[in-house]
Amino acid sequence: MYIEYLEELRQFSHSMNISKTAKELHISQPSLTRHIQQMEEELGFPLVSRGRQTKLTPAGRYFLGGISQILGSYDALVEQCRQINREGIKELVFQEPPLRSDQASARMYQIADKLRNEHALLSIHFTRLGRSNLNEMLAKRTINLAVVYEYGPIEETIRKYREEGYLIKHLATEPVIVWCNSSNPLVRKGSLHVEDIKRYPVMLPSTSYDPLRKAWADMCHEHGFEMKTFEYQTNVYSDYLFADIVDEIYLLLECMTDQTRLTSRLSRAFVPFVEGEADIESYLIMPTPANEAEELLVPLFEGVPEQ
């Protein structure tokens with residue numbers, strides 16, 4: 001069935017007059033009559049009642065209502081495709097949120113959903129980082145929006161990234177917690193100072209992107225010691241949580257501790273730090289806008305509230 005036939009039927013329904021409609025459409029009366037008959041044959045039901053008074057059948061009226069929606073969608077689609085042909089489709093690449101359960105990850109997905117709803121011609125892709133340098137990818141604009149985790153004063157971190165030419169938005173303060181074997185002496189302390197973990201190796205994934213590695217190291221360095229590490233071979237960030245290690249400890253964000261895969265490990269326990277001593281700050285970061293797609297991102301980026 002031709003889309004033109006649907007338009008002809010819609011036009012015919014306005015006057016129910018073959019001669020008038022054919023003249024308006026600049027086609028012959030026999031052609032218009034034949035097109036309506038062909039549609040009826042293809043559909044398997046009559047569209048027009050041809051008696052003393054020409055009118056649409058009940059099925060024809062219902063079909064006409066659907067036609068209006070179809071033609072409206074078709075016209076909008078054609079216009080969008082013409083725009084793509086003229087300008088090309090706009091694309092943005094977001095870092096796939098590495099932790100998924102924290103505030104930063106939730107905000108990233110919310111921004112993507114809002115952009116997709118408001119800009120039909122904008123394509124958004126999520127990409128998972130390997131051991132690539134995030135700053136380098138941002139500078140090259142192979143990533144347009146990312147999450148970073150930092151330890152230290154918020155104002156200083158924001159100043160540092162702005163001096164490097166990035167837009168940055170503080171999102172949330174995430175308390176750090178230790179996850180370790182239940183027999184570890186740290187458990188008996190109840191709450192910890194950062195110095196208490198000085199002699200314990202911290203479990204880290206060795207072959208995947210670890211968004212928190214630098215933050216952990218900066219936290220330890222700020223308290224006067226270098227972090228010991230035990231690297232676990234894995235290609236997936238979360239898989240190292242299943243390593244059956246006794247002496248090493250994990251450093252996690254508190255927001256991760258309600259995950260079933262962690263709470264079900266009865267041989268392990270969570271130990272908090274003294275409030276305010278071991279907090280990680282999460283941020284959204286993007287390059288200074290240099291194209292139309294990135295300009296669309298700015299209002300949503302700046303409108304993200306802090307938690």
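## Terms and model

Contact means that heavy atoms lie within 4.5 Å. Helices (H or I, at least four residues) and strands (E, at least two) are DSSP runs, numbered from the N terminus.

This is a predicted model, in which local features need pLDDT of at least 70, side-chain atom pairs count only at pLDDT 80 or more, and totals for chains, interfaces and linings use all residues. Residues are numbered from 1 along each chain as its sequence is written, and side-chain values use heavy atoms, with hydrogens and water left out.

## Helices α1 and α2

Glu8, Gln11, Phe12 and Ser15 of α1 are in contact with Ile18, Lys20, Thr21, Glu24 and Leu25 of α2. The residues of this contact comprise 3 nonpolar, 3 polar and 3 charged; here Ala, Val, Leu, Ile, Met, Phe, Trp, Tyr, Cys and Pro count as nonpolar, Asp, Glu, Lys and Arg as charged, and the others, Gly among them, as polar.

Phenylalanine 12 belongs to helix α1 (residues 3-15). Its relative accessibility is 1%, so phenylalanine 12 counts as buried (under 20% relative accessible area; exposed is over 50%, partly exposed in between, with a 1.4 Å probe and protein chains only). Leaving aside residues up to four places away in sequence, phenylalanine 12 touches Asn17, Ile18, Thr21, Ile36, Val48 and Thr54.

## Helix α7

In helix α7 (residues 154-163), the residues Thr157, Ile158 and Tyr161 are buried. They lie on the same side of α7 because they cover an arc of only 95 degrees around the axis, the arc being that of the directions from the helix axis to the C-beta atoms. On the other side of α7, Glu155 and Glu163 are exposed.

The buried residues of α7 pack against α6 (134-140), β5 (146-150), β6 (166-181) and β11 (279-287).
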